[in-house]
Amino acid sequence: MTKDLSSSGLSRRSFIGRTAVASGVLSLGGGLWGASVNPANAQQQQYDYVIIGAGSAGCVLANRLTEEGARVLLIEAGGPDTSEMISTPMRLIELWGTDYDWGYQTVPQEHAAGRQLYWPRGKTLGGSSSLNGMIYVRGNASDYDAWATDFGCEGWDYASVLPYFKKSEDFSRGADEYHGAGGPLHVTADFEPHPVTRAMVEAAQQAGHPLNEDTNGAQQDGVAYVDLNTHDGKRASTAVAFLRPALERENLSLITNARVLKVDLDGTRATGVTYLQEGESRSVSATREVIVCGGAIESPRILMMSGIGPRAHLEEVGITPRHDLPGVGQNLNDHTLCPVIYEGAQQLPPPDDMAITVLHAHLFAKSDPSLPGPDMQPLFFNVPYYAPEMEQPTANAFTFNASGVQPASSGEIRLTGPSIDDPLHIDPKVLSQQHDVDILVMSIKQMREIAGQPALAKWKGREIYPGEDVQDDAALAEYARSAVMSYHHQNGTCAMGTGDMAVVDPELRVRGLEGLRVVDASIFPKVMAGNTNAPVIMVAEKAADLIKAAHS
(Lines give C-alpha, C1' and ligand atoms only; values in the text may rest on other atoms or scores of the structure.)
Protein backbone atom coordinates (compact mmCIF):
# COMPACT_ATOMS: atom_id res chain seq x y z
CA MET A 1 0.00 0.00 0.00
CA THR A 2 1.40 3.39 -0.92
CA LYS A 3 0.41 6.83 0.18
CA ASP A 4 -1.25 8.96 -2.50
CA LEU A 5 0.06 12.48 -1.99
CA SER A 6 -2.54 13.82 -4.41
CA SER A 7 -5.35 12.81 -2.08
CA SER A 8 -3.93 13.79 1.28
CA GLY A 9 -1.47 16.22 2.80
CA LEU A 10 1.88 15.55 4.37
CA SER A 11 1.13 14.51 7.91
CA ARG A 12 2.36 12.04 10.47
CA ARG A 13 -1.21 10.77 10.82
CA SER A 14 -0.99 9.13 7.43
CA PHE A 15 1.95 6.83 8.20
CA ILE A 16 1.91 3.49 6.46
CA GLY A 17 2.34 0.33 8.51
CA ARG A 18 5.77 -0.72 9.71
CA THR A 19 8.17 -2.22 7.20
CA ALA A 20 10.53 -5.01 8.20
CA VAL A 21 14.20 -4.83 7.33
CA ALA A 22 16.75 -7.61 7.23
CA SER A 23 18.69 -8.32 10.41
CA GLY A 24 21.95 -9.81 11.48
CA VAL A 25 24.06 -9.49 8.36
CA LEU A 26 27.67 -8.69 7.67
CA SER A 27 28.21 -7.38 4.15
CA LEU A 28 31.80 -7.45 2.97
CA GLY A 29 33.66 -5.79 0.13
CA GLY A 30 34.61 -7.36 -3.16
CA GLY A 31 31.38 -6.48 -4.92
CA LEU A 32 29.06 -8.22 -2.48
CA TRP A 33 26.56 -5.37 -2.19
CA GLY A 34 23.41 -6.89 -0.77
CA ALA A 35 25.14 -10.19 0.03
CA SER A 36 25.02 -11.53 3.57
CA VAL A 37 27.23 -13.89 5.53
CA ASN A 38 27.36 -14.91 9.18
CA PRO A 39 28.78 -11.97 11.17
CA ALA A 40 30.55 -14.21 13.66
CA ASN A 41 33.81 -13.98 11.71
CA ALA A 42 34.01 -10.28 12.61
CA GLN A 43 34.50 -11.04 16.31
CA GLN A 44 37.80 -9.85 17.78
CA GLN A 45 39.09 -8.81 14.37
CA GLN A 46 41.40 -5.86 14.10
CA TYR A 47 40.75 -2.92 11.81
CA ASP A 48 42.61 0.30 11.24
CA TYR A 49 39.40 2.26 11.73
CA VAL A 50 36.01 1.38 13.18
CA ILE A 51 33.25 3.77 12.11
CA ILE A 52 30.03 3.84 14.15
CA GLY A 53 27.05 4.75 11.96
CA ALA A 54 26.56 4.37 8.19
CA GLY A 55 24.75 7.68 7.79
CA SER A 56 25.54 10.82 5.85
CA ALA A 57 29.01 11.10 7.41
CA GLY A 58 29.84 7.43 7.97
CA CYS A 59 29.33 6.44 4.33
CA VAL A 60 31.60 9.26 3.16
CA LEU A 61 34.34 8.26 5.61
CA ALA A 62 34.05 4.58 4.70
CA ASN A 63 34.68 5.52 1.08
CA ARG A 64 37.50 8.00 1.61
CA LEU A 65 39.41 6.02 4.28
CA THR A 66 39.46 2.86 2.17
CA GLU A 67 40.79 4.64 -0.92
CA GLU A 68 44.40 3.99 0.09
CA GLY A 69 44.10 0.53 1.56
CA ALA A 70 43.17 1.12 5.20
CA ARG A 71 41.10 -1.66 6.78
CA VAL A 72 37.75 -0.20 7.81
CA LEU A 73 34.75 -1.64 9.63
CA LEU A 74 31.46 0.26 9.35
CA ILE A 75 28.78 -0.59 11.93
CA GLU A 76 25.14 0.42 11.29
CA ALA A 77 22.24 0.12 13.74
CA GLY A 78 19.67 -0.23 10.94
CA GLY A 79 19.35 -2.55 7.99
CA PRO A 80 19.96 -2.35 4.24
CA ASP A 81 18.52 0.52 2.20
CA THR A 82 17.00 -1.66 -0.51
CA SER A 83 13.37 -0.54 -0.13
CA GLU A 84 11.75 1.30 -3.03
CA MET A 85 10.35 3.69 -0.43
CA ILE A 86 13.91 4.94 0.00
CA SER A 87 14.94 5.10 -3.65
CA THR A 88 11.66 6.68 -4.86
CA PRO A 89 11.70 10.35 -3.77
CA MET A 90 7.92 10.85 -3.73
CA ARG A 91 7.54 8.04 -1.18
CA LEU A 92 9.66 9.62 1.53
CA ILE A 93 6.78 10.23 3.95
CA GLU A 94 6.03 6.49 3.90
CA LEU A 95 9.35 5.93 5.65
CA TRP A 96 8.29 7.80 8.78
CA GLY A 97 7.31 5.43 11.56
CA THR A 98 8.84 2.36 9.91
CA ASP A 99 11.90 0.34 10.89
CA TYR A 100 13.93 2.70 8.72
CA ASP A 101 13.19 5.52 11.17
CA TRP A 102 14.50 5.99 14.72
CA GLY A 103 11.21 7.81 15.38
CA TYR A 104 12.38 9.98 18.26
CA GLN A 105 10.02 12.03 20.41
CA THR A 106 11.00 15.04 22.46
CA VAL A 107 9.80 15.52 25.99
CA PRO A 108 6.74 17.80 26.24
CA GLN A 109 7.83 21.27 25.20
CA GLU A 110 6.95 23.91 27.77
CA HIS A 111 7.07 26.74 25.25
CA ALA A 112 5.30 24.87 22.44
CA ALA A 113 1.91 24.27 24.07
CA GLY A 114 3.21 21.25 26.00
CA ARG A 115 3.48 19.18 22.81
CA GLN A 116 5.93 16.40 22.10
CA LEU A 117 7.66 16.93 18.77
CA TYR A 118 8.28 14.04 16.40
CA TRP A 119 11.80 13.72 15.02
CA PRO A 120 12.20 11.19 12.18
CA ARG A 121 15.83 10.14 11.68
CA GLY A 122 17.23 7.59 9.26
CA LYS A 123 18.01 4.13 10.68
CA THR A 124 19.38 2.42 7.59
CA LEU A 125 22.35 2.65 5.27
CA GLY A 126 22.68 6.29 4.32
CA GLY A 127 21.11 7.38 7.60
CA SER A 128 18.98 10.47 7.26
CA SER A 129 20.18 10.98 3.67
CA SER A 130 17.96 7.94 2.97
CA LEU A 131 14.99 9.51 4.75
CA ASN A 132 15.21 13.27 4.20
CA GLY A 133 13.70 15.66 1.65
CA MET A 134 16.86 15.51 -0.50
CA ILE A 135 17.37 19.29 -0.47
CA TYR A 136 21.00 20.25 -1.10
CA VAL A 137 21.80 23.46 0.80
CA ARG A 138 25.22 24.47 2.08
CA GLY A 139 24.31 27.36 4.35
CA ASN A 140 25.66 30.89 4.40
CA ALA A 141 29.36 31.67 4.13
CA SER A 142 29.08 33.77 7.29
CA ASP A 143 28.05 30.68 9.26
CA TYR A 144 31.37 28.96 8.63
CA ASP A 145 33.35 32.14 9.10
CA ALA A 146 31.73 32.35 12.55
CA TRP A 147 32.89 28.80 13.32
CA ALA A 148 36.46 30.01 12.80
CA THR A 149 36.27 33.44 14.45
CA ASP A 150 33.72 32.94 17.25
CA PHE A 151 34.50 29.35 18.27
CA GLY A 152 38.21 29.08 17.57
CA CYS A 153 37.78 26.47 14.83
CA GLU A 154 40.70 27.35 12.59
CA GLY A 155 40.39 25.87 9.11
CA TRP A 156 36.57 25.81 9.12
CA ASP A 157 35.94 29.22 7.56
CA TYR A 158 34.01 29.23 4.29
CA ALA A 159 37.05 29.62 2.06
CA SER A 160 38.56 26.54 3.71
CA VAL A 161 35.46 24.31 3.49
CA LEU A 162 34.28 25.28 -0.01
CA PRO A 163 36.76 22.88 -1.68
CA TYR A 164 35.22 20.01 0.27
CA PHE A 165 31.70 20.90 -0.88
CA LYS A 166 33.01 20.91 -4.44
CA LYS A 167 34.94 17.67 -3.98
CA SER A 168 31.76 15.67 -3.30
CA GLU A 169 29.63 17.30 -5.93
CA ASP A 170 28.48 16.26 -9.37
CA PHE A 171 26.49 19.39 -10.21
CA SER A 172 24.01 19.00 -13.05
CA ARG A 173 24.97 22.39 -14.51
CA GLY A 174 28.69 21.60 -14.46
CA ALA A 175 31.64 22.93 -12.53
CA ASP A 176 32.28 26.59 -11.78
CA GLU A 177 33.76 28.73 -9.01
CA TYR A 178 31.27 27.37 -6.47
CA HIS A 179 30.40 23.92 -7.82
CA GLY A 180 32.12 20.68 -8.61
CA ALA A 181 31.49 18.10 -11.32
CA GLY A 182 32.38 14.43 -11.41
CA GLY A 183 32.14 13.88 -7.65
CA PRO A 184 30.19 10.97 -6.14
CA LEU A 185 27.14 13.03 -5.05
CA HIS A 186 24.79 14.12 -7.82
CA VAL A 187 23.03 17.47 -7.37
CA THR A 188 20.02 18.15 -9.63
CA ALA A 189 19.50 21.86 -10.19
CA ASP A 190 16.90 21.86 -12.97
CA PHE A 191 13.52 20.14 -13.11
CA GLU A 192 9.95 21.03 -14.03
CA PRO A 193 8.31 22.67 -10.98
CA HIS A 194 4.67 22.15 -10.05
CA PRO A 195 2.45 24.93 -11.47
CA VAL A 196 1.36 26.04 -8.00
CA THR A 197 4.99 26.22 -6.88
CA ARG A 198 5.84 28.25 -9.96
CA ALA A 199 3.09 30.70 -8.98
CA MET A 200 4.41 30.81 -5.39
CA VAL A 201 7.89 31.72 -6.66
CA GLU A 202 6.43 34.41 -8.93
CA ALA A 203 4.39 35.78 -6.03
CA ALA A 204 7.51 35.99 -3.86
CA GLN A 205 9.16 38.10 -6.55
CA GLN A 206 6.08 40.32 -6.73
CA ALA A 207 6.44 40.78 -2.95
CA GLY A 208 9.98 42.08 -3.47
CA HIS A 209 12.19 39.01 -3.06
CA PRO A 210 14.75 38.59 -5.85
CA LEU A 211 14.92 35.36 -7.82
CA ASN A 212 18.16 33.56 -7.00
CA GLU A 213 19.32 31.06 -9.61
CA ASP A 214 21.89 29.52 -7.26
CA THR A 215 21.53 29.78 -3.46
CA ASN A 216 24.66 27.61 -3.11
CA GLY A 217 26.69 30.11 -5.12
CA ALA A 218 27.87 33.67 -4.56
CA GLN A 219 24.70 34.87 -2.82
CA GLN A 220 22.15 33.02 -0.67
CA ASP A 221 19.34 35.57 -0.27
CA GLY A 222 16.23 35.36 -2.42
CA VAL A 223 13.57 32.96 -3.63
CA ALA A 224 14.78 29.90 -5.49
CA TYR A 225 13.96 26.48 -6.79
CA VAL A 226 15.71 23.89 -4.65
CA ASP A 227 18.72 21.80 -5.58
CA LEU A 228 18.10 18.11 -4.96
CA ASN A 229 20.24 15.08 -4.20
CA THR A 230 18.62 12.97 -6.89
CA HIS A 231 19.91 11.27 -10.01
CA ASP A 232 17.75 10.06 -12.89
CA GLY A 233 14.67 10.54 -10.71
CA LYS A 234 16.00 8.43 -7.81
CA ARG A 235 17.28 9.44 -4.38
CA ALA A 236 21.04 10.02 -4.29
CA SER A 237 21.82 9.18 -0.66
CA THR A 238 25.33 8.83 0.71
CA ALA A 239 24.78 5.06 0.69
CA VAL A 240 24.21 5.22 -3.07
CA ALA A 241 26.87 7.84 -3.81
CA PHE A 242 29.68 6.81 -1.47
CA LEU A 243 29.07 3.43 0.17
CA ARG A 244 28.08 1.24 -2.76
CA PRO A 245 31.22 2.03 -4.78
CA ALA A 246 33.38 1.54 -1.67
CA LEU A 247 31.91 -1.90 -0.99
CA GLU A 248 33.73 -3.10 -4.11
CA ARG A 249 36.92 -2.86 -2.05
CA GLU A 250 38.13 -5.88 -0.06
CA ASN A 251 39.33 -3.64 2.77
CA LEU A 252 35.83 -2.40 3.74
CA SER A 253 33.53 -4.45 5.97
CA LEU A 254 29.96 -3.54 6.87
CA ILE A 255 27.86 -4.81 9.76
CA THR A 256 24.15 -3.94 9.83
CA ASN A 257 21.48 -4.23 12.53
CA ALA A 258 24.08 -3.86 15.27
CA ARG A 259 23.73 -1.46 18.22
CA VAL A 260 26.99 -0.09 19.59
CA LEU A 261 27.03 -0.49 23.37
CA LYS A 262 30.21 1.45 24.04
CA VAL A 263 33.56 2.64 22.82
CA ASP A 264 36.25 0.55 24.51
CA LEU A 265 38.89 2.57 26.36
CA ASP A 266 42.35 1.68 27.65
CA GLY A 267 43.06 4.58 29.94
CA THR A 268 42.62 7.63 27.75
CA ARG A 269 42.87 5.79 24.43
CA ALA A 270 39.97 4.36 22.40
CA THR A 271 40.90 0.82 21.39
CA GLY A 272 37.72 -0.53 19.80
CA VAL A 273 33.98 -0.98 20.02
CA THR A 274 31.58 -3.36 21.75
CA TYR A 275 28.30 -3.88 19.93
CA LEU A 276 25.14 -5.95 20.26
CA GLN A 277 23.85 -8.06 17.38
CA GLU A 278 21.20 -10.77 17.49
CA GLY A 279 21.31 -10.66 21.28
CA GLU A 280 25.05 -11.31 21.45
CA SER A 281 27.71 -8.87 22.60
CA ARG A 282 30.74 -8.71 20.31
CA SER A 283 33.92 -6.65 20.20
CA VAL A 284 36.26 -5.39 17.52
CA SER A 285 39.47 -3.42 17.88
CA ALA A 286 40.74 -0.32 16.06
CA THR A 287 44.49 0.07 15.75
CA ARG A 288 44.25 3.69 14.64
CA GLU A 289 40.91 5.30 15.53
CA VAL A 290 37.28 4.83 16.47
CA ILE A 291 35.09 7.38 14.64
CA VAL A 292 31.61 8.10 16.00
CA CYS A 293 29.15 9.06 13.24
CA GLY A 294 25.83 8.38 14.97
CA GLY A 295 24.33 11.81 14.36
CA ALA A 296 23.28 14.56 16.74
CA ILE A 297 21.14 12.21 18.83
CA GLU A 298 22.99 8.89 18.85
CA SER A 299 26.56 10.21 19.06
CA PRO A 300 26.13 11.78 22.52
CA ARG A 301 24.30 8.63 23.63
CA ILE A 302 27.22 6.46 22.51
CA LEU A 303 29.77 8.68 24.24
CA MET A 304 27.78 8.76 27.48
CA MET A 305 27.19 5.00 27.38
CA SER A 306 30.99 4.73 27.15
CA GLY A 307 31.45 6.81 30.31
CA ILE A 308 32.38 9.94 28.35
CA GLY A 309 30.28 12.92 29.36
CA PRO A 310 29.11 15.01 32.33
CA ARG A 311 30.38 13.14 35.40
CA ALA A 312 27.44 13.94 37.69
CA HIS A 313 24.88 12.89 35.09
CA LEU A 314 26.65 9.61 34.32
CA GLU A 315 26.79 8.75 38.02
CA GLU A 316 23.11 9.66 38.34
CA VAL A 317 22.09 7.07 35.73
CA GLY A 318 24.44 4.34 36.93
CA ILE A 319 27.29 4.62 34.42
CA THR A 320 30.88 4.67 35.64
CA PRO A 321 32.50 7.90 34.42
CA ARG A 322 35.66 7.31 32.38
CA HIS A 323 36.22 10.85 31.11
CA ASP A 324 34.47 13.95 32.41
CA LEU A 325 33.33 16.01 29.44
CA PRO A 326 30.46 18.36 30.41
CA GLY A 327 29.49 19.44 26.88
CA VAL A 328 28.35 15.99 25.71
CA GLY A 329 24.62 16.17 24.98
CA GLN A 330 24.41 19.93 25.46
CA ASN A 331 23.95 22.63 22.78
CA LEU A 332 21.09 20.74 21.10
CA ASN A 333 19.81 22.93 18.26
CA ASP A 334 17.19 22.57 15.54
CA HIS A 335 15.47 24.73 12.94
CA THR A 336 11.75 25.46 13.19
CA LEU A 337 8.84 25.26 10.76
CA CYS A 338 5.31 26.62 11.12
CA PRO A 339 2.69 26.01 8.41
CA VAL A 340 0.66 28.71 6.67
CA ILE A 341 -1.87 26.68 4.65
CA TYR A 342 -4.26 27.86 1.92
CA GLU A 343 -7.15 25.94 0.45
CA GLY A 344 -7.12 25.76 -3.33
CA ALA A 345 -9.53 28.14 -5.05
CA GLN A 346 -9.83 25.40 -7.65
CA GLN A 347 -8.71 21.79 -7.79
CA LEU A 348 -4.93 21.83 -7.58
CA PRO A 349 -3.03 19.62 -10.02
CA PRO A 350 -1.81 16.48 -8.23
CA PRO A 351 1.94 15.80 -8.06
CA ASP A 352 2.83 13.55 -10.97
CA ASP A 353 5.30 10.66 -10.99
CA MET A 354 8.01 12.86 -12.51
CA ALA A 355 7.67 15.63 -9.91
CA ILE A 356 10.50 14.14 -7.77
CA THR A 357 9.15 15.77 -4.60
CA VAL A 358 6.34 18.04 -3.37
CA LEU A 359 8.88 20.64 -2.23
CA HIS A 360 10.24 22.56 -5.20
CA ALA A 361 11.12 25.99 -3.81
CA HIS A 362 12.25 27.96 -0.77
CA LEU A 363 13.14 31.48 0.29
CA PHE A 364 16.16 32.82 2.17
CA ALA A 365 15.43 36.11 3.94
CA LYS A 366 16.73 38.30 6.76
CA SER A 367 14.68 39.64 9.63
CA ASP A 368 17.14 42.53 9.82
CA PRO A 369 19.09 43.85 6.79
CA SER A 370 22.21 44.25 8.95
CA LEU A 371 22.52 40.48 9.54
CA PRO A 372 25.46 38.79 7.80
CA GLY A 373 23.17 36.08 6.43
CA PRO A 374 19.54 34.90 6.34
CA ASP A 375 17.76 33.78 9.50
CA MET A 376 14.56 32.62 7.77
CA GLN A 377 14.15 29.82 5.22
CA PRO A 378 10.44 29.34 4.41
CA LEU A 379 9.56 26.27 2.35
CA PHE A 380 6.98 26.17 -0.44
CA PHE A 381 4.94 22.95 -0.63
CA ASN A 382 2.37 22.29 -3.35
CA VAL A 383 0.40 20.12 -0.87
CA PRO A 384 -0.87 20.81 2.66
CA TYR A 385 1.67 20.19 5.42
CA TYR A 386 -0.33 19.87 8.61
CA ALA A 387 1.16 19.62 12.09
CA PRO A 388 0.24 16.27 13.68
CA GLU A 389 -2.25 17.87 16.11
CA MET A 390 -4.10 19.83 13.43
CA GLU A 391 -7.48 19.04 11.99
CA GLN A 392 -7.09 18.36 8.28
CA PRO A 393 -10.19 19.73 6.52
CA THR A 394 -8.93 19.23 2.97
CA ALA A 395 -6.12 17.79 0.89
CA ASN A 396 -6.74 20.38 -1.83
CA ALA A 397 -4.37 22.95 -0.38
CA PHE A 398 -0.82 24.28 -0.52
CA THR A 399 1.60 25.45 2.17
CA PHE A 400 4.04 28.22 2.92
CA ASN A 401 6.12 26.99 5.86
CA ALA A 402 7.35 29.90 7.94
CA SER A 403 10.78 29.08 9.29
CA GLY A 404 13.55 30.19 11.63
CA VAL A 405 17.07 28.95 10.88
CA GLN A 406 19.22 30.89 13.37
CA PRO A 407 17.69 29.72 16.66
CA ALA A 408 18.52 31.31 20.00
CA SER A 409 16.96 28.42 21.91
CA SER A 410 19.03 25.33 22.66
CA GLY A 411 18.50 22.23 24.73
CA GLU A 412 20.04 18.92 25.69
CA ILE A 413 20.07 15.16 25.31
CA ARG A 414 20.46 13.06 28.44
CA LEU A 415 20.29 9.40 29.34
CA THR A 416 17.49 8.00 31.49
CA GLY A 417 19.32 4.82 32.48
CA PRO A 418 22.40 2.66 31.87
CA SER A 419 20.90 0.41 29.16
CA ILE A 420 21.04 0.98 25.41
CA ASP A 421 17.28 0.35 25.43
CA ASP A 422 16.49 3.09 27.94
CA PRO A 423 14.77 5.99 26.14
CA LEU A 424 16.63 9.23 25.71
CA HIS A 425 15.58 12.45 27.39
CA ILE A 426 15.41 14.78 24.39
CA ASP A 427 14.63 18.39 25.25
CA PRO A 428 15.43 20.99 22.58
CA LYS A 429 13.63 23.67 24.61
CA VAL A 430 12.05 24.85 21.36
CA LEU A 431 10.85 28.49 21.38
CA SER A 432 12.18 28.98 24.91
CA GLN A 433 13.75 32.23 23.69
CA GLN A 434 11.34 34.97 22.65
CA HIS A 435 13.58 35.79 19.69
CA ASP A 436 12.64 32.50 18.02
CA VAL A 437 8.92 33.18 18.47
CA ASP A 438 9.33 36.68 17.04
CA ILE A 439 11.12 35.28 13.96
CA LEU A 440 8.28 32.82 13.29
CA VAL A 441 5.68 35.58 13.66
CA MET A 442 7.64 37.73 11.21
CA SER A 443 7.96 34.82 8.80
CA ILE A 444 4.22 34.06 8.97
CA LYS A 445 3.47 37.68 8.07
CA GLN A 446 5.94 37.46 5.23
CA MET A 447 4.21 34.34 3.89
CA ARG A 448 0.85 36.05 4.05
CA GLU A 449 2.23 38.98 2.08
CA ILE A 450 3.49 36.62 -0.62
CA ALA A 451 0.20 34.72 -0.67
CA GLY A 452 -1.65 37.96 -1.36
CA GLN A 453 0.18 38.69 -4.61
CA PRO A 454 -1.53 38.54 -8.05
CA ALA A 455 0.41 35.47 -9.19
CA LEU A 456 -1.51 33.30 -6.70
CA ALA A 457 -4.94 34.83 -7.23
CA LYS A 458 -6.31 31.91 -9.26
CA TRP A 459 -4.96 29.27 -6.86
CA LYS A 460 -5.50 30.73 -3.38
CA GLY A 461 -8.72 30.18 -1.51
CA ARG A 462 -9.32 30.67 2.21
CA GLU A 463 -6.50 30.61 4.74
CA ILE A 464 -6.92 27.37 6.68
CA TYR A 465 -4.05 28.01 9.12
CA PRO A 466 -3.39 30.18 11.08
CA GLY A 467 -6.84 31.37 9.93
CA GLU A 468 -7.98 34.80 8.88
CA ASP A 469 -9.15 35.62 12.42
CA VAL A 470 -5.58 35.23 13.76
CA GLN A 471 -4.09 38.65 13.12
CA ASP A 472 -2.24 40.44 15.94
CA ASP A 473 1.25 39.45 17.05
CA ALA A 474 0.07 37.87 20.30
CA ALA A 475 -2.39 35.62 18.46
CA LEU A 476 0.23 34.70 15.85
CA ALA A 477 2.72 33.87 18.61
CA GLU A 478 0.16 31.61 20.26
CA TYR A 479 -0.44 29.90 16.91
CA ALA A 480 3.31 29.46 16.39
CA ARG A 481 3.63 27.71 19.75
CA SER A 482 0.68 25.44 18.94
CA ALA A 483 1.87 24.49 15.45
CA VAL A 484 5.68 24.67 15.42
CA MET A 485 7.37 21.59 13.98
CA SER A 486 10.92 20.41 13.63
CA TYR A 487 12.78 21.09 10.39
CA HIS A 488 14.65 17.82 11.14
CA HIS A 489 18.03 19.55 11.40
CA GLN A 490 19.18 18.47 14.88
CA ASN A 491 22.81 19.34 15.61
CA GLY A 492 25.39 20.61 18.06
CA THR A 493 25.43 18.00 20.84
CA CYS A 494 29.17 17.19 20.56
CA ALA A 495 30.20 20.69 19.61
CA MET A 496 33.55 21.56 18.07
CA GLY A 497 35.56 24.35 19.63
CA THR A 498 38.17 25.40 22.14
CA GLY A 499 36.01 26.42 25.11
CA ASP A 500 35.17 24.45 28.24
CA MET A 501 31.93 23.06 26.75
CA ALA A 502 33.51 21.93 23.49
CA VAL A 503 33.46 18.14 23.01
CA VAL A 504 35.81 17.89 20.02
CA ASP A 505 38.70 20.07 18.92
CA PRO A 506 38.99 21.62 15.43
CA GLU A 507 40.37 18.30 14.15
CA LEU A 508 37.24 16.57 15.53
CA ARG A 509 39.23 14.64 18.16
CA VAL A 510 37.38 14.09 21.43
CA ARG A 511 39.09 16.39 23.89
CA GLY A 512 41.31 14.65 26.40
CA LEU A 513 41.23 11.27 24.66
CA GLU A 514 43.29 9.60 21.96
CA GLY A 515 42.12 7.60 18.96
CA LEU A 516 38.53 8.87 19.12
CA ARG A 517 36.75 11.39 16.88
CA VAL A 518 33.18 12.48 16.24
CA VAL A 519 32.17 13.28 12.67
CA ASP A 520 28.54 14.28 12.02
CA ALA A 521 26.05 17.13 12.66
CA SER A 522 26.68 16.92 16.40
CA ILE A 523 30.00 18.76 15.96
CA PHE A 524 28.42 21.95 14.59
CA PRO A 525 29.30 24.71 17.08
CA LYS A 526 26.56 26.83 15.49
CA VAL A 527 23.99 25.67 12.97
CA MET A 528 24.05 27.10 9.47
CA ALA A 529 21.19 28.87 7.71
CA GLY A 530 19.87 25.96 5.71
CA ASN A 531 19.50 22.23 5.51
CA THR A 532 22.19 20.21 7.24
CA ASN A 533 22.85 17.16 5.04
CA ALA A 534 25.25 18.85 2.62
CA PRO A 535 27.27 20.37 5.50
CA VAL A 536 27.55 16.95 7.17
CA ILE A 537 28.96 15.49 3.95
CA MET A 538 31.43 18.39 3.80
CA VAL A 539 32.46 17.75 7.41
CA ALA A 540 33.11 14.08 6.60
CA GLU A 541 35.15 14.97 3.51
CA LYS A 542 37.34 17.31 5.55
CA ALA A 543 37.56 14.82 8.42
CA ALA A 544 38.82 12.14 6.05
CA ASP A 545 41.74 14.36 5.07
CA LEU A 546 42.46 15.22 8.71
CA ILE A 547 42.48 11.52 9.64
CA LYS A 548 44.67 10.52 6.71
CA ALA A 549 47.15 13.28 7.55
CA ALA A 550 47.32 12.13 11.17
CA HIS A 551 48.27 8.58 10.13
CA SER A 552 50.34 9.20 7.02
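Tutor: Helix α1 (residues 56–65) packs against helix α6 (residues 238–246) at an angle of about 30 degrees, and their axes are 8 Å apart. Helices (H or I, at least four residues) and strands (E, at least two) are DSSP runs numbered from the N terminus; axes are lines fitted to C-alpha atoms, for helices over the stretch in contact, and angles run from 0 to 180 degrees between N-to-C directions. The angle therefore makes α1 roughly parallel to α6, a term for angles under 35 degrees. The crossing of α1 past α6 is left-handed, that is, the near helix is turned anticlockwise from the far one by less than a right angle. From α1, S56, C59, V60, A62, N63 and R64 meet T238, A239, F242, L243, P245 and A246 of α6, where contact means heavy atoms within 4.5 Å. The residues of this contact divide into eight nonpolar, three polar and one charged; Ala, Val, Leu, Ile, Met, Phe, Trp, Tyr, Cys and Pro count as nonpolar, Asp, Glu, Lys and Arg as charged, and the others, Gly among them, as polar.

The model is predicted: local features need pLDDT of at least 70 and side-chain atom pairs count only at pLDDT 80 or more, whereas totals for chains, interfaces and linings use all residues. Residues are numbered from 1 along each chain as its sequence is written, and side-chain values use heavy atoms, with hydrogens and water left out.

An unreviewed UniProt entry lists residues 122–145 and 295–309 for "domain: Glucose-methanol-choline oxidoreductase N-terminal"; such annotations may be inferred rather than shown by experiment. Residues 122–145 are 21% helix and 0% strand, with end C-alpha atoms 29 Å apart. Residues 295–309 are 73% helix and 13% strand, and the end C-alpha atoms lie 16 Å apart. Helix α7 (residues 295–305) is largely enclosed by the rest of the structure, because 11 of its 11 residues are buried, meaning under 20% relative accessible area (1.4 Å probe, protein chains only). After α7 comes G307, with a positive phi near 85 degrees.

R138, in the loop between β5 (118–119) and α3 (141–151), counts as buried at 1% relative accessibility. Beyond its neighbours within four places in sequence, R138 has contacts including Y158, E169, H179 and M528.

V223 belongs to strand β8 (residues 222–225) and counts as buried at 0% relative accessibility. V223 and L363, 140 residues apart in sequence, are 4.2 Å apart in space, C-alpha to C-alpha.

Terms used: Angles under 35 degrees count as roughly parallel, over 145 as roughly antiparallel, 65 to 115 as roughly perpendicular and the rest as oblique. Buried means under 20% relative accessible area, exposed over 50%, partly exposed in between (1.4 Å probe, protein chains only).
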